[in-house]
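Take a look at the structure first, then walk through the points below.

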Amino acid sequence: MPSITPHMVVATEVAKILNINSEDFIRGNLLPDIIDIKNSHHKVESGIYMIPDIDYFIKKLDLTNDLDLGYLTHLLLDKHYLEDYLKKIYPNKNIFLDKKVYKDYDVLNHLLVKKFNLDVEYIEKALMKYNCKIKEEKLKYNINCLKNNISGKTYYLNINSFSKFLKEVSKTISEELIEYANKSS
């Protein structure tokens with residue numbers, strides 16, 4: 001699954017596309033990774049990866065609620081990242097096994113903040129206001145990831161192709177959210 005920065009890139013891009021101006025939407029985009037429940041992603045098998053079961057969540061989430069809409073956006077990015085991005089680049093390899101992809105995230109976080117002009121101060125302020133049980137240490141870790149400026153080489157992810165993917169998937173997710181919202185109403 002991608003780190004916080006790609007999630008915040010997609011959150012801000014989707015918010016622009018769908019004209020969502022809500023801190024709850026931003027919060028929802030991180031919630032699956034910091035909430036204090038065991039099965040926050042409810043995964044199903046898809047080839048070499050376990051992906052979020054979107055149908056399961058569609059039945060449970062209120063898509064008129066910005067927090068839930070953000071939650072679903074997070075899960076959709078996870079799904080597309082694993083199924084559409086990684087499977088195309090590395091069709092027969094689980095890149096998470098050797099842990100190098102996490103170093104890629106460390107390097108790419110700052111580059112993505114700059115490339116997409118993320119307002120880290122606004123995001124941090126939004127993320128500090130949860131009204132549910134979260135794991136504070138995970139929240140703090142994720143906020144620090146947005147602020148870190150780590151340089152180095154990447155092993156699996158390329159800033160240009162990954163940025164292009166994030167732009168494209170933001171459009172796809174926006175369309176999916178509209179479709180899911182129409183089906184649930």
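A crossing of two helices is called right-handed if the near helix is turned clockwise from the far one by less than a right angle, and left-handed if it is turned anticlockwise. With that in hand, note that α1 passes α5 in a right-handed crossing. Please keep in mind that this is a predicted model, with an average pLDDT of 92 for the protein.

**Confidence**

- A pLDDT of at least 70 is reached by 99% of the residues.
- Helix α1, residues 4-18, has the highest confidence in the protein, with a mean of 97.
- Confidence is lowest in strand β1, residues 43-46, where the mean is 76.

**How α1 packs against α5**

- Two packed helices are described by the angle between their axes and the distance between those axes.
- For α1 and helix α5 (residues 66-89), the angle is about 120 degrees and the axes are 10 Å apart.
- That angle makes α1 oblique to α5, because angles of 65 to 115 degrees count as roughly perpendicular and those over 145 as roughly antiparallel.
- On the α1 side, the contact is made by P6, H7, V10 and V14, which meet T73, H74, L77 and D78 of α5.
- By type, the residues of this contact are 4 nonpolar, 3 polar and 1 charged.

**A11, a buried residue of α1**

- Helix α1 is also the place of A11.
- A11 has a relative accessible area of 0%, so it counts as buried, the cut-off being under 20%.
- Which residues does A11 contact, once its neighbours within four places in sequence are left aside? They are F25, I26 and N29.
- A11 and K93 lie 82 residues apart along the chain, and their C-alpha atoms are separated by 28 Å.

- Most residues other than glycine have a negative phi.
- N19 is not a glycine, yet its phi is positive, at about 55 degrees.
- N19 sits in the loop between α1 and α2, the latter spanning 23-28.
- With a relative accessible area of 70%, N19 is exposed, because the cut-off for exposed is over 50%.
- N117 likewise has a positive phi, of about 50 degrees, without being a glycine.
- Where is N117? N117 is in the loop between α6 (100-115) and α7 (120-127).
- Its relative accessibility is 67%, so N117 counts as exposed.

Notes
Residues are numbered from 1 along each chain as its sequence is written. This is a predicted model: local features need pLDDT of at least 70, side-chain atom pairs count only at pLDDT 80 or more; totals for chains, interfaces and linings use all residues. Side-chain values use heavy atoms; hydrogens and water are left out. pLDDT is the predictor's confidence in each residue, from 0 to 100. Helices (H or I, at least four residues) and strands (E, at least two) are DSSP runs, numbered from the N terminus. Axes are lines fitted to C-alpha atoms, for helices over the stretch in contact, and angles run from 0 to 180 degrees between N-to-C directions. Angles under 35 degrees count as roughly parallel, over 145 as roughly antiparallel, 65 to 115 as roughly perpendicular and the rest as oblique. Contact means heavy atoms within 4.5 Å. Ala, Val, Leu, Ile, Met, Phe, Trp, Tyr, Cys and Pro count as nonpolar, Asp, Glu, Lys and Arg as charged, and the others, Gly among them, as polar. Buried means under 20% relative accessible area, exposed over 50%, partly exposed in between (1.4 Å probe, protein chains only).
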